[in-house]
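Please examine the structure below together with its sequence. The paragraphs that follow lead through it step by step.

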Amino acid sequence: MTETAAETATETTTCDISVCFPVDGEYYISDVFGNRTNPVTGKGEFHKGIDIAVVENTPVYAAFDGIVENCGLSESYGNYIKIKGEKYTCLYGHLNKVLLNKGESVKRGEKAALSGSTGQSTGPHLHFELYEGDQLIDPSPVIENICSQK
Ligand SMILES: [Zn+2]
């Protein structure tokens, strides 16, 4: 008997690149990707991600396997963390606390941060931004399921 293609594929897959939703529990989507009026400045702008309204200190999970490309404090994003995977890169903003360090590797579903309302924010929420390669994309259509905690 020869090996099936499916078996071969399973053996060579070592990295989970599918995107999962970064919080579980209670949330609602408070803003979608695209053009909007900035709630702080009142000016028109392009909203580069989705806003997930959650109470402060909600655990935020890595959406896929990757490494921490960057983290720090920005005027607009507040405390943020950027995770780079094989296919996608994601950025979480307005965090209360980042739980990983730059250069650290992270697994899908691993706790990466605690949500907050830092930076340019009108209330507690998670800003979730997604890039495919260098291209900014709308995360909503590629999110496959809720991250199960690891
Ligand atoms: Zn946002």
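Leaving aside neighbours within four places in sequence, Ala112 is in contact with Val60, Tyr61, Ala62, Ile81, Ile83, Leu99, Leu100 and Val106. The model in which these contacts occur is a predicted one. Ala112 also belongs to the largest nonpolar core, which has 26 residues; together with Ile81, Cys90 and Tyr92, Ala112 touches the most other members of that core. At least two residues of this core come from each of the strands E5 (50-53), E6 (59-61), E8 (78-84), E9 (88-98), E11 (111-115) and E12 (126-132). In soluble globular proteins, nonpolar side chains tend to be buried together.

Of its 150 residues, 31% count as buried. Among contacts between residues at least 6 apart in sequence, 65% join residues that are at least 24 apart. One example of two residues separated in sequence is the pair Lys107 and Ala62: they are 45 residues apart along the chain, while their C-alpha atoms are 6.6 Å apart in space. Lys107 is located in the loop between strand E10 (105-106) and E11. Is Lys107 buried, exposed or partly exposed? Lys107 is partly exposed, because 14 other C-beta atoms lie within 10 Å, whereas a buried residue would require 20 or more.

The confidence of the prediction must also be considered. The average pLDDT of the chain is 88, and 86% of the residues score at least 70. Over residues 1-13, however, the pLDDT is below 50, and this stretch has 1 contact in the model beyond near neighbours in sequence. Where pLDDT is low, the predicted coordinates should not be read in detail.

The next element to follow is E8, one of the strands that supply the core. E8 is mostly covered, with 5 of its 7 residues buried. On one side of the pairing pattern is strand E7 (residues 66-74), which pairs with E8 in the antiparallel sense over 7 bridges. Within this pairing, Ser74 has Gly78 of E8 as its bridge partner. A hairpin connects E7 to E8 through 3 residues. E8 also runs antiparallel to E9, to which 5 bridges join it. Here Asn79 stands opposite Leu95 in E9. These two strands likewise form a hairpin, with 3 residues between them.

E9 and E12 pair in the antiparallel sense over 6 bridges, and Gly93 has His127 in E12 as its bridge partner. E12 is largely enclosed by the rest of the structure, since 5 of its 7 residues are buried. E12 and E13 form a hairpin with 2 residues between them, and Gly133 in the turn has a positive phi of about 65°.

What is the phi of His94? His94 has a positive phi of about 65°, although it is not a glycine. His94 is found in strand E9 and is buried, because 26 other C-beta atoms lie within 10 Å. Asn57, for its part, has a phi near 70°, a positive value in a residue that is not glycine. Asn57 is found in the loop between E5 and E6. With 14 C-beta neighbours inside 10 Å, Asn57 counts as partly exposed.

Terms used
Residues are numbered from 1 along each chain as its sequence is written. This is a predicted model: local features need pLDDT of at least 70, side-chain atom pairs count only at pLDDT 80 or more; totals for chains, interfaces and linings use all residues. A nonpolar core is a set of buried Ala, Val, Leu, Ile, Met, Phe, Trp, Tyr and Cys residues joined through C-beta atoms within 7 Å. A residue is buried if 20 or more other C-beta atoms lie within 10 Å of its own, exposed if 12 or fewer, and partly exposed in between; C-beta atoms are placed from the backbone. Helices (H or I, at least four residues) and strands (E, at least two) are DSSP runs, numbered from the N terminus. Two residues are in contact if their C-beta atoms, placed from the backbone, lie within 7 Å. Two strands pair if DSSP finds at least two bridges between them. pLDDT is the predictor's confidence in each residue, from 0 to 100.
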